[in-house]
Amino acid sequence: MGAIDGQPVVRVERLRKRFGPLEVLKGIDLEVRRGEVVVVFGRSGSGKSTLLRCINFLEDPTEGVVEVAGIRLEGGHRTRGKREAIRQLRLHAGMVFQQFNLFPHMTALGNVIEGPVTVKGVSPEEARARGLELLAKVGLADKADEYPIRLSGGQQQRVAIARALAMEPDVMLFDEPTSALDPELIGEVLAVMRSLATDLHMTMIVVTHEMGFAREVAHRMCFFHEGVILEEGTPQEIFEHTRFPETRKFLDAVL
Amino acid sequence: MRADAAAAGAEVAPAAYDAEIPRGSLGLLLAAWLLLVEGALGLIFLPIIVITADARIPPGDIAAFAALSVATAVGGGLLYSRWPVSWWLALTAGLGSVAWLVVDRGLTSWNEVVIAGSFTVAAVVLLVVGRRAAGRPEAMALASAQIPFRVKLALVWVGIVFVLSLFFALAGFDTQFMRDRFGYIASGLPFTIAIAVGAILLAMVLALLGALGRLSSNPIAFGVSGFYTSFFRGTPLIVQLFLIYLALPQIGSNLGSRNLTELLTLTAFQAGILGLGLNYGAYMTEIFRAGIQSVGHGQSEAADALAMSYAQKMRRVVLPQAVRVIIPPTGNEFIAMMKDTALVSFLGVAAAQAELFRRAQLAGKASFRNLEAFLVAAALYWGLTTIFSFFQGRLERRLSRGYVRAAAAPGRRRGRLLPGGRPAGPANGAGGTEVPAHGH
């Protein structure tokens, strides 16, 4: 934990998100420092995925402020200037989806180099070399030329992680990365995520129900309940000194 | 008691059923259909002969023709019955027809030779092999089941062509004229194809822009594309063509600008490409829109998360996947468009640049051989669309195969789609697992 240098990479202030009459996020404040791993957990519908999607503006926050790597954006309507700022912000935030969302018409390596080449203008040779490194890191060096359809769910998700890493983000956002996987494939994805945290000291916000992973890897855990962060603390505090009965009830249900 | 009877019935049922095909069934089938078709043809042509009959055909001949037609049709049909006596009826009708054609008509034309020949075949088949199988319709059904569907289909087509040829022959068809003018009419093909190709290219560009507009949250883009599709789908193509060809120059002259008038005065060829392109572009907007929407929302989000711009997202992620859905129906539109190029002929094309249909009109009118000229044109259009339909079908099959393998949602139905070999199941820790479908 010595890698956490105190610099905030992500800062969320008074974040609110409404879908019509439904208020999903009711004022979220969250700060994630460099190298920190934050696990967000809670019942489905409690707003944890929405928070993640608001951080990189896949959803526009209704109110509040999101800051990623020094790029500070207010919620509310999108304007022309803001659209470009959102793009800049996204360059610093890698996202891994529950359903992987790999590009089916590109090989594994093609998926990984797509962002650097198309968005960042990296030369294909350079991106390829870096992409192969990343695929090796997630244990898929031999699958570089396979199309997603020929990969297992666990393999696809690891390619998706490599694709996000290739953009060299300041923070990685994981939106239930193992929820769509069969039990026997979850381990390989979690192992890759664990190595990101311990070897690369990657800043990560992870929405997950994998409490074992959280206990082992997270520096901090946030329990989401009805659109607010009800309880926050180290894994030890959360698991052993649970303060709220709602948290206890949820933990009892998933453990 | 009843149960016993049923049980006994069930036991003997296989023996009672005539599963064996007796020799000669196939021959009987052939004879039956030869007679049926000949009889039916006779009955079809009977009214024509009666109506067009002049003094050269004696009424006795017509009566004999009618009687023989009915007899052959009934005789052939009765071969399907359970009465063995039907064999005698059919044979009599067949031999009677041959006799009449030879003795009374004297086989004066090749038509009569062909017809007499087929009756002879039917009669000979009946004599040689048909006796044994007569009166056993289920045996004929079994024999019929042995003939592949494709063969029967081909025979039906041959029959249709044969009947049509007979009609045309009766109608005093000028095949010499068709041969003479074929080259002239066919030389319109390059113009027809050029109009269709030019218009489909224009239509594809417009359809892409229209689809992006229909999917846009920008009110200008949405409104303009909405107006475009509404107008060009809501008015007749022929009206649009005249607007472009005849009405557009009027705008220039009304504004008193010679340059504008010249600019807006299009040749029929140009107006045809513009009009067809605009019209088909409006229809194809829907095809393109559906194709783009068929690409899952997750793909768009993944591109967004990589900080792609709208243009990058479309070019690199959405359109390459949408194309697989868009190409087959676009091919259909192209085929339809090749036929609609005929409308351009109404714009009064210069004779040297005339497309297919215009040439057929000119050739037909000039010598009052409209039937022949338009049939040549129809045959050429038909050939053209058939050729493209063939390639279209192949393309469609290839794309759908590629689509299923390469562009199915990640993880979906993977186990089944793996092309051969890899064992499904958790044994290898990788293959054959089922992942819930997209939640979007």
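1. F368(B) is exposed, with a relative accessible area of 69%; here buried means under 20% relative accessible area, exposed over 50%, and partly exposed in between, with a 1.4 Å probe and protein chains only. F368(B) sits in the loop between helix 16 and helix 17 (370–406) of chain B. Its phi is positive, about 50°, although F368(B) is not a glycine. Helices (H or I, at least four residues) and strands (E, at least two) are DSSP runs, numbered from the N terminus.

2. The model is predicted: local features need pLDDT of at least 70, side-chain atom pairs count only at pLDDT 80 or more, and totals for chains, interfaces and linings use all residues. Residues are numbered from 1 along each chain as its sequence is written, chains are lettered from A and ligands numbered from 1 in the order in which they are written, and side-chain values use heavy atoms, with hydrogens and water left out.

3. F100(A) also has a positive phi, near 65°, in a residue other than glycine. F100(A) belongs to the loop between strand 6 and helix 3 (108–120) of chain A. F100(A) has 0% relative accessibility and counts as buried.

4. Chain B contains 18 helices and zero strands. Of its 440 residues, 40% are buried. Contact means heavy atoms within 4.5 Å. Among contacts in chain B between residues at least 6 apart in sequence, 76% join residues at least 24 apart. Chain B exposes about 23,800 Å², and carbon and sulfur atoms supply 69% of that area. Accessible areas come from the Shrake-Rupley method with a 1.4 Å probe; for residues, only the protein chains shown count as cover.

5. Two packed helices are described by the angle between their axes and the distance between the axes. In chain B, the axes of helix 9 (residues 189–214) and helix 15 (residues 310–340) come within 10 Å and cross at roughly 140°. Axes are lines fitted to C-alpha atoms, for helices over the stretch in contact, and angles run from 0 to 180 degrees between N-to-C directions. Helix 9 and helix 15 of chain B are therefore oblique to each other; angles under 35 degrees count as roughly parallel, over 145 as roughly antiparallel, 65 to 115 as roughly perpendicular and the rest as oblique. Their crossing is right-handed: a crossing is left-handed if the near helix is turned anticlockwise from the far one by less than a right angle, and right-handed if clockwise. Residues of helix 9 of chain B in this contact include A196(B), I200(B) and L208(B), and those of helix 15 of chain B include M314(B), E333(B) and F334(B).

6. E333(B) is part of helix 15 of chain B. Apart from its neighbours within four places in sequence, E333(B) is in contact with I200(B), Y280(B), Y283(B), M284(B) and I287(B). E333(B) and V323(B) are 10 residues apart in sequence and 15 Å apart in space, C-alpha to C-alpha.

7. A second pair in chain B is helix 8 (residues 175–186) and helix 16 (residues 356–367), whose axes are 9 Å apart at an angle of about 145°. The crossing of helix 8 and helix 16 of chain B is right-handed. Among the residues making the contact are F177(B) and Y184(B) of helix 8 of chain B, and L356(B) and L362(B) of helix 16 of chain B.

8. Helix 14 (residues 297–305) of chain B has eight of its nine residues buried, so it is largely enclosed by the rest of the structure. What covers these buried residues includes helix 1, helix 2, strand 6 (93–96) and helix 5 (153–165) of chain A, together with helix 15 of chain B. After helix 14 of chain B comes A307(B), with a positive phi near 70°.

9. The count of salt bridges over all chains is 31; a salt bridge is a side-chain nitrogen of Lys or Arg within 4 Å of a carboxyl oxygen of Asp or Glu. One of them joins D60(A) and R78(A), with the closest N and O atoms 2.9 Å apart. D60(A) lies in the loop between helix 1 (48–55) and strand 4 (63–68) of chain A and R78(A) in the loop between strand 5 (71–74) and helix 2 (80–90) of chain A, so the pair ties together parts 18 residues apart in sequence. D60(A) is partly exposed at 22% relative accessibility, and R78(A) is partly exposed at 31%.
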